[in-house]
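Good morning, and thank you for coming. I would ask everyone to have the sequence and the structure in view while I speak.

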Amino acid sequence: MKHFVCPAIALLLSLASCSPSADNDLSLKVDPANPLVLPFDTERLVRLETSDSSLIYGVDNMIIADGRYIIKSRDLLKSYSAADGSYLGAVARKGQGPGEFSMITRLWLEGDTVKFYDINNHRVTSCLPDGTFLGEAPFMPQGKASHPLTLVSFIETPDGSGYLGLNQFTDGTTPVNPQYSFFDGNLNLAGDVPGRELRSGAFAANFALADRASNTILAWENLCDTIFTVTPEGVSPAYVLDFGESAVPARIQSIPGYYDRWMAFDEARKKPGIRMAAFASNYQRGADGNYWFTFTTTDDGLWHLARFAPEGGKAEVYDFDFGHRDYALAPFILADGDDLITVITDKSDPEANPMIYRYPLAK
C-alpha cells in the first residue's frame, strides 16, 4: 500500500487522547461569538416535499445522482427531485432480501451507480438512482488480525489502492481494538493503524475524509477539537480547532472512551451560563480549496458554518442572513462542484421536511 503525504508541519501531542493545545503552529482560531454574515438567496433553496410517504427525520447523508437528492435518514433511503424537491420514492427499504438493507453506514456514488454498505449484512448493494436493483456483493475483509475484521464503515484511500476501515468495538474480548485498519483493493488486511485504540462502542459516529487534493486521509472523533491525519504508520494531529473560551474543556477531551467523554460533556453543559462549541462530524473540501465544517454551541443549540484553509491560520465562522424567516442551519453539508450544499430547517414548521440550499463557493 502506498503511503500518504502528511502535512509538512508536525505536532508532538499524545496520541492517547485528543486534548488540544492552542499554542502550536497547527492551531486554528475559531470565534463562535462573532460570525460573519452570508447572503441568503431564496432562488437557491429547494423545499423537500412533505407528505406521509416522503417524511424523513433529517439528513444523515446524501448523494446527488440523475437530478435526484438521495437521502439517508436513520433507517430510510429516499429520493427527491433536485429541481423542485418533489418526492420520487424510496430507493431501498429495510429488510433482508435483494436490494434491501438492515443498517446503512455508508452511502456513495460510483459513476452512475448508487451504492450503500449494510453493516449488519456485511454487503454492498448497487442500484440505479431510481432504486432499480443491480446486485450486491459481500464486503468482508480477509487476513490475519488479533481482532475481528468487521467494519463500522470504510472509505477508499485517496490513491485508490485500497480502503481505510473504521473498526467495530469488541468489548474487550480481543487483545487489541484499533480504531483504524488499512486493506488492499482485494480486502486483504494490510495492517492496523497504531496509536489509537477503541475504548467504547460509540465509534460509529466518527468520520474520515479522503482528501484527494492533498492525498491525505483526515479523521475527526466526537467531542474532540483535533483533526488527525491517518496513515498506515499511525495518526498525527493535522489541525487543532481553538474555540477559546467556548472550547470543550481539555479534561473532557482527554477522556479516552467516547461514552465517558460524552457523559462528562453532558454533565458540564447543564450548568447555567456554560457555552461550549462541539465540532460536528461532517466536513468537506470545497471547490474553493478550503475545508468546511459545521459546529453547534450549547447555549443556543444552533449550528454554524465554518471554513479554514489547508495551510492553517484562522477558521472563519458564518451564519446565513435568513432575514425575518425562522430558519436554522442543520449539521449536514456536501461539496458539490462549485457549490456547498447545506440543509436548512424551518423552525416555524417543525413537522416539515428540511430544505436543501446551495451556497456558491468562490474559487
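Leu187 counts as buried, because its relative accessibility is 12% and the limit for that class is under 20%. Please bear in mind that what we are looking at is a predicted model. Leu187 sits in the loop between E14 and strand E15, which covers residues 189-192. Its backbone also deserves a remark: phi is positive, about 70°, although Leu187 is not a glycine.

A second residue of this kind is Asp171. Here phi is near 60°, again a positive value in a residue other than glycine. Asp171 belongs to the loop between E13 and E14. Is Asp171 buried or exposed? It counts as exposed, because its relative accessibility is 60% and the limit for that class is over 50%.

Let us stay in that loop and turn to Thr174. This residue is placed between strand E13, residues 162-167, and strand E14, residues 180-184. Thr174 has a relative accessible area of 18%, under the 20% limit, and is therefore buried. Which partners does its side chain have? One is the side chain of Thr170, joined to that of Thr174 by a polar contact of 2.8 Å. The side chain of Thr174 also reaches a backbone atom, the oxygen of Val176, at 2.7 Å. If we leave aside residues up to four places away in sequence, Thr174 touches Ser146, His147 and Pro148.

Now to the strands on either side. How many of the six residues of E13 are buried? The count is six of the six, so E13 is largely enclosed by the rest of the structure. E13 pairs with E14 in the antiparallel sense, over five bridges. Within that pairing, Tyr163 stands opposite Phe183 in E14. E13 is also joined by five bridges to strand E12, residues 151-156, and these two strands run antiparallel as well.

E12 and E13 form a hairpin, with five residues between them. In the turn, Gly160 has a positive phi of about 75°. Thr157 lies in the loop between these two strands. Its relative accessible area is 0%, so Thr157 is buried. Its side chain makes a polar contact of 2.8 Å with the side chain of Asp159. Between the C-alpha atoms of Thr157 and Leu107 the distance is 16 Å, and the two residues are 50 apart in sequence.

For comparison, consider another loop residue, Glu221. It is found between E17 and strand E18, residues 226-231. Glu221 has a relative accessible area of 2%, and therefore it is buried. From Glu221 to Phe139, 82 residues away along the chain, the separation between C-alpha atoms is 24 Å.

In soluble globular proteins, nonpolar side chains tend to be buried together. The largest nonpolar core in this model has 20 residues, and those that touch the most other members are Tyr239, Leu241, Phe293, Phe295 and Phe308. Several strands give two or more residues to this core, among them E1 (27-30), E19 (234-242), E21 (291-297) and E22 (303-308). Apart from this core lies another, of 17 residues, including Tyr318, Phe320, Ile333 and Leu361. To return to Phe308, its contacts beyond four places in sequence include Leu28, Ile227, Tyr239 and Phe293.

Finally, let us step back to the chain as a whole. Its secondary structure comes to two helices and 26 strands. Along the principal axes, the C-alpha trace spans about 50 × 50 × 40 Å. Among contacts with a separation of 6 or more, 50% are between residues 24 or more positions apart.

Thank you for your attention.

Terms used: Residues numbered from 1 in each chain as written. Predicted model: local features only at pLDDT ≥ 70, side-chain atom pairs only at ≥ 80, totals over all residues. Heavy atoms only, no water. Helix = DSSP H or I, 4+ residues; strand = E, 2+ residues; numbered from the N terminus. Buried < 20%, exposed > 50% of the residue type's maximum accessible area, 1.4 Å probe, protein only. Polar contact = N/O pair within 3.5 Å; in protein donor to acceptor, adjacent residues only side chain to side chain. Contact = heavy atoms within 4.5 Å. Core = buried A, V, L, I, M, F, W, Y, C linked by side-chain atoms within 4.5 Å. Pairing = 2+ DSSP bridges.
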